[in-house]
Amino acid sequence: MRGEYCIGGASLLSFVALLLLIFVHVGQINTSLVPHGIAMAKINTSGFGQALSDAILDPDQGLYTTNYTSPLGQQNGLRQIYEFGLYSYCAYVNSSAGTCTNHTIADKFEPYIAITSDMLTNYSQYCDTMFANTTFINSSYLGYNSRVAYYFIFIGTIFATMALFTGVLRKALPFVISTASSIIAAISILIGAAIWTSIVKKCEGINTLDLVPLNGGVVSGMIVSYGNGIYLTWAAFACLAAATVPYMVSCCTFRG
């Protein structure tokens with residue numbers, strides 16, 4: 001019976017991990033309830049207009065749009081909230097009304113490009129100066145690392161699936177495969193989650209960025225934060241790491 005408990009526990013943990021990873025993958029693919037609720041990173045720009053007006057001493061006329069159906073990246077106006085997933089990002093004029101970009105495998109996390117491409121040229125030029133020398137503006141660094149993180153998460157998802165389905169086969173070889181798959185999946189998800197955590201943390205530097213360093217007192221008004229997709233990825237890693245133990249016990253003790 002102990003062997004049954006081991007396999008049952010490992011299979012349950014692998015199933016939970018795979019379910020969490022599926023949620024991570026569907027984040028921000030569209031604006032419906034579940035995808036809208038899951039993101040790897042979020043940016044709230046609602047305070048940026050006032051901050052920009054205070055910095056340049058000019059009203060922020062034409063900076064934002066209230067038309068949530070207008071396409072992204074075409075200087076149609078800034079949205080209040082930007083949420084980034086693994087395959088696309090979405091932007092919202094309020095808590096629910098928004099639109100998304102086209103789906104791309106391993107979509108790059110380039111928040112500065114996403115935001116400034118919605119602004120008129122004169123506003124984006126101000127941003128080039130204000131956000132200079134921040135990680136937030138370094139799109140090549142963020143884009144590259146987010147793509148690397150995606151592939152680790154994708155590989156981890158594949159091996160988590162293998163671990164789940166081979167672990168239920170009561171044979172010695174499938175137990176070996178499920179153990180190895182669980183280990184590879186856990187390591188891959190760990191790396192992917194760590195990379196995402198790191199790049200979002202570095203972008204959070206703009207939360208307290210002073211737009212007018214010489215005079216001071218004008219904070220950027222943009223708030224970068226972790227999305228729940230990162231927490232789901234860490235939870236999936238924890239489940240896979242925990243599943244490795246019973247898989248290994250079954251692999252080493254099975255006789256059949």
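Helices H6 (139–167) and H7 (172–203) each put at least two residues into the nonpolar patch, and H6 gives the largest share, five residues. Helices here are DSSP runs of H or I with at least four residues, strands are runs of E with at least two, and both are numbered from the N terminus. The structure is a predicted model, so to speak a calculated one: local features need pLDDT of at least 70, side-chain atom pairs count only at pLDDT 80 or more, and totals for chains, interfaces and linings use all residues. Residues are numbered from 1 along each chain as its sequence is written, and side-chain values use heavy atoms, with hydrogens and water left out.

The patch itself is made up of Ile105, Tyr151, Phe154, Ile155, Ile158, Met162, Leu173, Val176, Ile177 and Ile184, with about 840 Å² of accessible area together. To join a patch, a residue needs over 30% relative accessible area and no salt bridge; nonpolar side chains (Val, Leu, Ile, Met, Phe, Trp, Tyr) are joined within 5 Å, like charges within 9 Å. Areas come from the Shrake-Rupley method with a 1.4 Å probe, and for residues only the protein chains shown count as cover. Ile105 sits in the loop between strand S4 (98–100) and helix H4 (111–116), and is exposed at 58% relative accessible area. (Exposed means over 50%, buried under 20% and partly exposed in between, with a 1.4 Å probe and protein chains only.) In that S4–H4 loop there is also Ala106, which is buried at 1% relative accessibility and has a positive phi of about 55 degrees although it is not a glycine.

As for the overall layout, the protein has eight helices and five strands, in the order α-α-β-α-β-β-β-α-α-α-α-β-α from the N terminus on. Its C-alpha trace spans about 80 × 35 × 25 Å along the principal axes, and 48% of the 256 residues are buried. Back in H6, there is Gly156, buried with a relative accessible area of 0%; its C-alpha atom is 9.0 Å from that of Phe237, 81 residues apart along the chain. Another non-glycine residue with a positive phi, about 65 degrees, is Gln28. Gln28 falls in the loop between helix H1 (2–26) and helix H2 (33–36) and is buried at 0%.

The largest pocket holds about 170 Å³ of space. A pocket, on a 1 Å grid over the protein atoms alone, is an open set of points where a 1.4 Å probe fits, with protein on both sides within 12 Å along at least five of seven lines; lining residues have an atom within 4 Å of a point. Among the lining residues are Gly73, Phe84, Tyr89, Asp107, Lys108 and Glu110. By class, the lining comprises four nonpolar, five polar and three charged residues.

Two salt bridges turn up in the structure, each with a side-chain nitrogen of Lys or Arg within 4 Å of a carboxyl oxygen of Asp or Glu. Arg79 and Asp118 form one of them, at 3.8 Å from N to O. This pair links distant parts of the chain, 39 residues apart: Arg79 is in the loop between helix H3 (48–56) and strand S2 (81–84), and Asp118 in the loop between H4 and helix H5 (121–130). Both Arg79 and Asp118 are buried. Lys201 pairs with Glu204, with the closest N and O atoms 3.6 Å apart. Here Lys201 is exposed at 52%, whereas Glu204 is buried at 18%.

Key:
Grid points are joined across faces, edges and corners, and a volume is the space filled by probe spheres set on the points. Ala, Val, Leu, Ile, Met, Phe, Trp, Tyr, Cys and Pro count as nonpolar, Asp, Glu, Lys and Arg as charged, and the others, Gly among them, as polar.
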